[in-house]
Amino acid sequence: MRNLFIIGFTLLLGCFTTFSQDYIESQKKNRKKRTEKEIVENKKNSDENKGSEAQNNYKPKSGISVIKVTDSIFMLKGEGGNIVVSIGNDGVLMIDSQFAEATPYILQRVSRLSSKPVQFLINTHHHNDHTGGNKNMIDNGTIIYSHDNVKKRLIEEVERKAQRDQLIAFEQKAEKISKDENNSNSDEKAKESVKDISQFMNNDNIFPMITFSENLTFHYNGEKIIVFHVDNAHTDGDVMVYFTNSNVLHTGDAFINAKYPFIDIENGGSFAGNLNALSKILMIADKDTKIIPGHGDISTIKDVKYTQNMISFLTKRIAFHIVSKKTEKEILQMKDLTKEFDNKGFGDGFISTEKFIKALYKDIAKKYK
Ligand SMILES: [Zn+2]
């Protein structure tokens with residue numbers, strides 16, 4: 001299996017190197033010499049365009065707070081996604097790893113709850129604010145589990161970053177050669193020095209060791225813990241984790257409490273899938289279930305229903321306005337549309353009201369074209 005992965009990965013890398021060379025060639029044809037400032041600006045813009053990567057701005061501050069959910073389950077809240085740990089005789093099972101810089105704080109908090117090591121870690125999806133600590137956890141001896149697509153997306157991100165770094169290195173090199181040597185062949189010489197993409201690949205192992213396509217069950221710390229996939233919701237690799245005895249459900253980012261959700265369309269997320277995921281929560285949970293959202297406070301089915309109704313209501317209203325030939329701009333000006341939710345602070349999170357309405361408009365407008 002590992003060999004297959006290595007072969008697949010090498011093939012992927014091969015295609016990738018070719019693509020990258022083509023890209024450099026096309027850049028070369030109509031390329032003006034850029035200044036260092038423009039190159040940095042270019043990198044910044046390209047970073048900002050990646051919604052998931054834009055979340056990667058963690059600065060260690062006060063650390064991590066611990067909230068007791070049940071006698072054996074604790075929620076760890078910091079600046080990334082909510083972490084849940086199951087503590088017991090078998091050891092520690094953890095859900096999500098937040099940002100890399102947070103790992104020492106997280107492990108310190110966990111060590112106060114249990115003297116046993118974190119044996120297993122489950123990634124609810126691939127975003128960096130939930131997987132950033134993966135490498136540290138692997139180094140710590142933890143085995144990571146995720147949906148197949150999480151691993152696929154994490155590999156894609158490493159490759160994208162290498163491609164960007166390769167392009168930046170090429171441009172800087174070409175600029176330097178042309179300045180220092182007044183060499184008209186600077187692009188050719190620069191291309192030669194950056195043609196091997198592997199020098200830009202980050203070899204840190206951040207990838208889950210065990211992946212699955214649908215469900216997985218742990219029999220751990222005296223209870224059955226069911227990990228299940230929800231299709232194309234927040235991303236295409238979302239899983240939720242249900243602790244059957246404790247009646248605790250970690251939803252990952254397929255449910256965010258009291259904020260407009262981020263649907264990562266680029267990475268396989270969809271509004272329809274997100275609504276299905278919320279329905280799935282309501283099928284599993286009862287009034288006593290403690291629901292841990294990807295971000296936000298511990299919730300109940302009431303909160304999930306409210307979010308579900310909010311998305312359904314806005315979907316219907318926007319569809320009505322689209323059919324009535326209203327433009328996106330006109331809909332964005334209808335402040336009454338979102339007033340009830342905005343007043344509750346829904347637009348104060350990662351996704352503003354404007355971003356949310358734009359995303360929803362785009363999704364609905366497709367159906368009427
Ligand atoms: Zn996320």
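Visitor: Is strand β10 mostly covered or mostly open, and how many of its residues are buried?

Guide: Strand β10 (residues 239–243) is mostly covered, with five of its five residues buried. Buried means 20 or more other C-beta atoms within 10 Å of the residue's own, with C-beta atoms placed from the backbone. This is a predicted model: local features need pLDDT of at least 70, side-chain atom pairs count only at pLDDT 80 or more, and totals for chains, interfaces and linings use all residues. Numbering starts from 1 along each chain as its sequence is written.

Visitor: Which residues sit on which side of β10?

Guide: V239, V241 and F243 are on one side, M240 and Y242 on the other, and all are buried.

Visitor: What does β10 pair with in the antiparallel sense over five bridges?

Guide: That's strand β9 (residues 223–229). Strands pair if DSSP finds at least two bridges between them, and strands here are DSSP runs of E, at least two residues, numbered from the N terminus. I225 stands opposite F243 in β10.

Visitor: And what is F243's bridge partner in β11?

Guide: V248. Three bridges join β10 to the antiparallel β11 (residues 248–250).

Visitor: Switching to helices: at what angle do α10 and α13 pack?

Guide: About 60 degrees, with the axes of α10 (residues 301–323) and α13 (residues 353–367) 10 Å apart. That makes α10 oblique to α13; angles under 35 degrees count as roughly parallel, over 145 as roughly antiparallel, 65 to 115 as roughly perpendicular and the rest as oblique. Helices are DSSP runs of H or I, at least four residues. Axes are lines fitted to C-alpha atoms over the stretch in contact, and angles run from 0 to 180 degrees between N-to-C directions.

How values were computed: Buried ≥ 20, exposed ≤ 12 C-beta atoms within 10 Å, placed from the backbone.
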